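Here are my notes for your first look at this model. Keep the structure open beside them as you read.

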Amino acid sequence: VQLQASGGGLVQAGGSLRLSCAVSGRAFSSARSSAILAWFRQAPGKRREFVAGIRWSGTSTFYGDFVKGRFAVSRDDATNTVYLQMNSLEPEDTAVYYCATDDYPPSAYYVQADYGYWGQGTLVTVSS
């Protein structure tokens, strides 16, 4: 499985961005439905943290506490792509954003060690 993240860039506070993660090597329909496609982020000098996730089956979504309704994760079966729509961006959202997944569901959606496949990351910079 290969993951290719894109869509990062520079945006002013209050603006929006949509990140994309193209998944190749496995179709959504063939994956274990309970596995998760997730977004994590790592800000300078900070630990990588969970942002959002969606099950391969599309039945459930998960969000980090800091999201507070600002972000939405979705997926497109036709293009094998996962999206992260980010609205009301704040300077604190500045980070490298990574998409990740695995062949099996994680012990908990936020446990990074349970994700075996990672994309290369895309940089989001939010100016004040």
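In which sense do strand E3 and strand E8 pair, and over how many bridges?

1. Strand E3 (residues 17-24) and strand E8 (residues 81-86) pair in the antiparallel sense, over six bridges. Strands (E) are DSSP runs of at least two residues, numbered from the N terminus. Two strands pair if DSSP finds at least two bridges between them. Find Leu19 too: Leu84 in E8 stands opposite.

2. This is a predicted model, so treat it as such: local features need pLDDT of at least 70, side-chain atom pairs count only at pLDDT 80 or more, and totals for chains, interfaces and linings use all residues. Residues are numbered from 1 along each chain as its sequence is written, and side-chain values use heavy atoms, with hydrogens and water left out.

3. E3 and E8 belong to an open sheet of four strands, in the order E1-E3-E8-E7, with antiparallel pairing. Strand E1 (2-6) and strand E7 (71-76) are the edges, since each pairs on one side only.

4. Now turn to E4 (residues 36-42). Six of its seven residues are buried, so E4 is largely enclosed by the rest of the structure. Buried means under 20% relative accessible area (1.4 Å probe, protein chains only).

5. E4 runs antiparallel to strand E5 (residues 49-55), joined by six bridges. Trp39 has Ala52 as its bridge partner in E5. E4 also pairs with strand E9 (residues 95-101), antiparallel, over five bridges.

6. Ala38 lies in E4. Ala38 is buried, at 2% relative accessible area. In E9, its bridge partner is Ala100. Beyond its neighbours within four places in sequence, Ala38 has contacts (heavy atoms within 4.5 Å) that include Phe50, Cys99 and Tyr115.

Key
Buried < 20%, exposed > 50% of the residue type's maximum accessible area, 1.4 Å probe, protein only.
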